[in-house]
Amino acid sequence: MKSSYDILVVGGGPAGALAAKTAARAGNSVCLIEKRSAIGTPVRCAEGVGKELLKEYIKPDPRWISAEIERARLISPDGTTVSLEQDKAGNEVGYVLDRKVFDRELVWQAAEAGADVVVKTRATEPIMENGGVRGAKVLSSGTPAEIRAEVVLAADGTEAQFARRAGLDTTVPLREMMSCAQYLMTGIDIDAGSTDFYLGNEVAPEGYLWVFPKGDRTANVGIGISGRKSRDGSRAKDYLDRFVAKNFPDGKMIEAIVGGVPVCRPLACTVADGLMVIGDAARVVDPLTGGGIGNAMFTGRLAAQVASECISAGDCSKEALMTYDAGWRASHMGRIIERNYKVKEYFITLDDKKLNTLAASIANISLKEFSVSTLIKELIKRNPKMLLELKALKDMLA
Amino acid sequence: MLRINRDKCGYCGTCVAVCPEDALELIDAYLSLERDCIACGICARACPLGALEVVHEE
């Protein structure tokens, strides 16, 4: 670890790794710091990712793919199952990853591209000069140090403290923080080719419960509920324990993890003088699905590209770095986040009765395409009694 | 004041992200109250495990 770099990346998840790799390949001196003592662990993720999305960043490798998914099933409160089959749809579904190996692979690629990687090193606060970020004060295995940089990329995940300490408001409102718990379970009867989503206010208020296969008879069984629904006796862990006791009483738990998924809108601004915020820290998680891996890699790569250009041009001011902010907002990802935020805000208003009605209306159809907009168009077509509210939803998509 | 039950805590940082005062810090594998806490209880609500508790002194 040197005392000065072109680019400092705070956080070694997928956003930070893609940023470090991209920046190093462009010829910058890069340092990636990770506060934990190991990359990729503990996992705070259900590990699902879209196939096409993933392939834009890395060649799929069986070393970090736990399962290939052929269908997704939505299970309504009364048990009605809507099955979305890959072979009936025009696009592919996804993978369930092994994040411990996947994250290491991404950081290894960053290191191979020339980036320095330092673990057990925590950014305590930004170095601020003339209102701009000029690096970070760090504690590296307990030893204080300063790392100066032309641009700092904050990839510190859900906590998002680096950007906060540089003056950006990253606080997630309680109702938009999904409080999550997950068990990696084995010895359970599951469909190894299906990601299952259980919906309903008794099962997972304002969220969903998932069963994502990790192989034969093994799955991530997890849940996210809105922070405002979380209280003693009805926390994420309580809902999950009840589901497991009922559905997988003989399953063995080989890992128990927890985490928070921000499903608020992205930060109002993701740059400042000398600073760019990427991945979960920028709150670019898909608000409907809670998926964040693809968006983290997208924003990480884009931010590093813009940072490289700005460093070459000798201008890393907020105005110059805004190219990144404007870029992701205008991108496909940016538009999907905005749309899915509205869809999420509608779906959390539905009671179980309406969820059942909607599920029943599309339980036996085959969708031509695997997408939120196709699903909503079908719901509108088949639920004349809910036309008004669904129409409002459709207008949001337009 | 805020009481952290370290045996219950899963070190996930959900509380850190919802804290309006930036008072909590997740340091590798332990959670620490680093700055002034206003005992608002938002972190205690968000915690997936119930590891945080606002204790009002008598």
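Me: How many helices and strands does chain B have?
Reply: This is a predicted model: local features need pLDDT of at least 70, side-chain atom pairs need 80 or more, and totals for chains, interfaces and linings use all residues. Residues are numbered from 1 along each chain as written, with chains lettered from A and ligands numbered from 1 in written order. Helices (H or I, at least four residues) and strands (E, at least two) are DSSP runs, numbered from the N terminus. From that end, the elements of chain B run β-α-β-β-α-β. The count is two helices and four strands.

Me: Why does the radius of gyration of chain B agree with a compact globule?
Reply: The radius is taken over C-alpha atoms, and the globule rule is 2.2 Å times the number of residues to the power 0.38. For 58 residues the rule puts a compact globule near 10 Å, so chain B agrees, with 10 Å.

Me: Which element gives the most to the side of chain B that touches chain A?
Reply: Contact means C-beta atoms, placed from the backbone, within 7 Å. By that rule, 18 residues of chain B are in contact with 30 residues of chain A. Helix H1 (14–18), strand E2 (24–27) and helix H2 (42–46) of chain B each give two or more residues to this side. With four residues, the top contributor is H1(B).

Me: What percentage of the contacts in chain B with a separation of 6 or more is between residues 24 or more positions apart?
Reply: The C-alpha trace of chain B spans about 30 × 20 × 15 Å along its principal axes. Within the chain, the share of those contacts is 51%.

Conventions
Contact = placed C-beta atoms within 7 Å.
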